[in-house]
Amino acid sequence: MADTGAPGYRFTRLQFTRHDAKHDTQKAYRVNLAIPETPAPEEGFPLLIMLDGNAALMEVSADLLTELSQSAAPPVLAFLAHDNDLRIDGDARAYDYTPAVNESALSAKEQRPGREYGGADGYLSFITGKVIPAISDNTPVNPEKTGLWGHSYGGIFVLHALFTRPDSFAFYAPVDPSLWWGEGYILSEEHDLLAESPADIKDKSLLVLTGSGGEAKRRPRGDRDAATLAAVYKARESVPAGETARMVERLKAAGVDAQMTTLQGLSHGETLGASLPYVFRQFAR
């Protein structure tokens, strides 16, 4: 669809590089940018950025985009991905989407050859300082109506942005966020924010989506043997059941426009694609 477009939307591709100071390397990224064919409002289009942009784009239908184009305020959709043809680049996203923590908290849970963590702050600066301005150069966007969507580790990134740099976006949509990662580290960021500066997130919009299917439908992939999966499942015990819902309630009490929706019968992996129509429609409102 990025090649052909869809009724109501046209596509263009932007490409980026950024310097990774930790490794002294250049990393490449792409944005498949879906732009409404309607004239831009005077204040600019709303802008929704999707992490794991290759995977997200694979889940979006032309019919959905056509429906979205007919809404009162159709958004620009930015499918941000690492610049390769993988659906999901597991190692690259693990580094870019996770906050910096003491690696000893991860060694027993997520230790895998070639996988590092802790690049979220640099990646957030890249999005806000380079990606969004480049999108604005291509089509007018409203800086007061920007949103960020992410699934799993991407959900952690969305929450990290909300808890540490809440002015980065107005709308935050984490889908089945991996709260268990880093022994529940993201919850410590929430705690610090609510204790020190809760006014910073007042009136922000938060839409959390989760699945109800648990892990029953998961199968070991080629790069995930039974032992690796067992370690991941064990790691999830670091966060009590129902903590996502309790987090939403705490944020709502702090003045966030927060809501949570459960996608019934869907496993963790299935929520990625299933969340997009719901998020798009809510954001367009």
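**Exercise 1.** At what angle do helix α2 and helix α10 pack, and how far apart are their axes?

Before you start, some ground rules. This is a predicted model, where local features need pLDDT of at least 70, side-chain atom pairs count only at pLDDT 80 or more, and totals for chains, interfaces and linings use all residues. Residues are numbered from 1 along each chain as its sequence is written, and side-chain values use heavy atoms, with hydrogens and water left out.

*Step 1.* Find the elements: helices (H or I, at least four residues) and strands (E, at least two) are DSSP runs, numbered from the N terminus. Helix α2 spans residues 62-69 and helix α10 spans residues 271-284.

*Step 2.* Read off the geometry: the angle is about 10° and the axes lie 10 Å apart. Axes are lines fitted to C-alpha atoms, for helices over the stretch in contact, and angles run from 0 to 180 degrees between N-to-C directions.

*Step 3.* Classify the angle. That value makes α2 roughly parallel to α10 (under 35 degrees is roughly parallel, over 145 roughly antiparallel, 65 to 115 roughly perpendicular, the rest oblique).

*Step 4.* List who touches whom, with contact meaning heavy atoms within 4.5 Å. From α2 come L64, E67 and L68, and from α10 come P277, F280, R281 and A284.

**Exercise 2.** In what order do the eight strands of the open sheet sit?

*Step 1.* Walk across the sheet: β1-β2-β4-β3-β5-β6-β7-β8, with mixed pairing. Two strands pair if DSSP finds at least two bridges between them.

*Step 2.* Spot the edges. They are β1 (9-20) and β8 (257-263), each of which pairs on one side only.

*Step 3.* Zoom in on β2. Antiparallel β1 and β2 are joined by 12 bridges, while six bridges link β2 (residues 25-36) to β4 (residues 76-82), again antiparallel.

**Exercise 3.** Which residues of α9 are buried, and why do they count as lying on the same side of α9?

*Step 1.* Place the helix. Helix α9 (residues 243-253) packs on the sheet, where it touches β7 (205-211) and β8.

*Step 2.* Pick out the buried residues (under 20% relative accessible area; exposed is over 50%, partly exposed in between, with a 1.4 Å probe and protein chains only). They are E243, T244, M247, V248 and L251.

*Step 3.* Look down the axis. These residues cover an arc of only 145°, so they fall on the same side of α9; the arc is that of the directions from the helix axis to the C-beta atoms.

*Step 4.* Recall the general idea: an α-helix has 3.6 residues a turn, so residues three or four places apart point the same way.

*Step 5.* Find the partners: the buried residues of α9 pack against α6 (153-164), α7 (181-196), β7 and β8.

**Exercise 4.** Is P74 buried or exposed?

*Step 1.* Locate P74: the loop between α2 and β4.

*Step 2.* P74 has a relative value of 7%, so P74 is buried.

*Step 3.* See what surrounds it. Beyond its neighbours within four places in sequence, P74 contacts Y9, P36, T38, F45, P46, L68 and S69.
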